[in-house]
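Please look over this model with me. My notes are meant to be read beside the sequence and the 3D view.

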Amino acid sequence: MGARIDFNCDLGEGCGNDAAILPHVTSASIACGGHAGDEATMRETLRLCHRHGVAAGAHPSYEDREHFGRRVLDVAPAEVSRMVRAQIERIRAIAREEGVTLAHVKPHGALYNVAADDRAVADAIAATVADIDPTLALYALSGSELARAGVEHGLRVAHEVFAERGYDARGRLRPRGTPGAVIESLDESIVQVRRLALRGEVVADDGRVVAIHADTLCLHGDRPDAPEFARAVREALEADGIAVRPFGATA
């Protein structure tokens with residue numbers, strides 16, 4: 001079997017052109033009220049996913065709309081579990097009404113980054129997802145504690161890499177607001193995408209090459225040029241003969 005990858009985007013956040021992005025991706029992680037989103041945006045994004053044959057997932061976060069879920073909150077793992085459960089159940093109920101079966105869960109923002117290294121938080125998220133529906137896949141930063149927790153809780157885990165985020169030598173994302181954290185150039189992003197998908201590696205901020213497993217590739221939907229990025233990334237992947245399919249798809 002040749003190279004293949006899922007291409008996902010964070011959507012339903014009320015700050016991007018979801019309708020223009022969805023034709024180019026294979027999975028969508030939909031904001032479910034923690035950092036962004038409400039019933040109307042969840043419903044509309046689910047309908048768009050259904051229309052375009054895109055796998056839909058929940059994108060739970062810290063309950064912090066003021067900071068778009070990108071600020072770490074000092075909450076116990078039990079509170080993380082409560083927040084994650086409430087948000088997944090919220091979008092799951094709407095998805096049922098729309099005839100859509102959720103395929104995965106991917107934490108958002110600061111919660112995602114904390115779970116990459118904090119095993120207690122990672123376990124809280126993975127255990128909650130497994131309790132709600134063990135058939136849901138868990139999207140986690142490649143090689144992270146969240147990925148390991150997902151496996152130990154019996155979940156299918158998609159090791160996630162990023163099209164337009166910079167990495168450090170540990171294979172972690174550079175913190176937003178620091179130099180090189182966000183790749184603004186489409187050409188530079190395409191170089192990173194090809195390296196990730198074809199060679200399973202990324203160039204870190206210190207110039208070292210870091211091996212990294214890639215099941216799913218993320219593009220952030222809140223960037224203003226996300227539709228152009230999505231189209232160009234999809235075209236580059238397919239030009240290289242990489243099969244772009246939802247995570248877990250057999251065909």
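The points below cover the basis of the model, a charged residue, a helix and the cysteines.

1. This is a predicted model: local features need pLDDT of at least 70, side-chain atom pairs count only at pLDDT 80 or more, and totals for chains, interfaces and linings use all residues. Residues are numbered from 1 along each chain as its sequence is written, and side-chain values use heavy atoms, leaving out hydrogens and water.

2. Find Arg174 in the loop between β6 (156-162) and α7 (186-199). Helices (H or I, at least four residues) and strands (E, at least two) are DSSP runs, numbered from the N terminus. Arg174 is buried yet has no salt bridge. Buried means under 20% relative accessible area, exposed over 50%, partly exposed in between (1.4 Å probe, protein chains only). A salt bridge needs a side-chain nitrogen of Lys or Arg within 4 Å of a carboxyl oxygen of Asp or Glu. The nearest side chain of opposite charge, Asp205, is 4.2 Å away.

3. Helix α8 (residues 226-239) has 14 residues. Its buried residues include Phe229, Val233, Arg234 and Leu237. Among the elements covering the buried residues of α8 are β1 (4-11), α7 and β9 (216-220). After α8 comes Gly241, with a positive phi near 80°.

4. How many disulfides are there? The count is zero, where a disulfide is a pair of cysteine sulfur atoms within 2.5 Å. Cys218 is in none, as the nearest cysteine sulfur, that of Cys9, is 6.4 Å away. Cys218 is buried, at 0% relative accessible area. Cys15 is partly exposed, at 39% relative accessibility.

Technical notes:
Lys, Arg positive; Asp, Glu negative; His and termini not counted. Expected span 1.5 Å × (residues − 1). Contact = heavy atoms within 4.5 Å.
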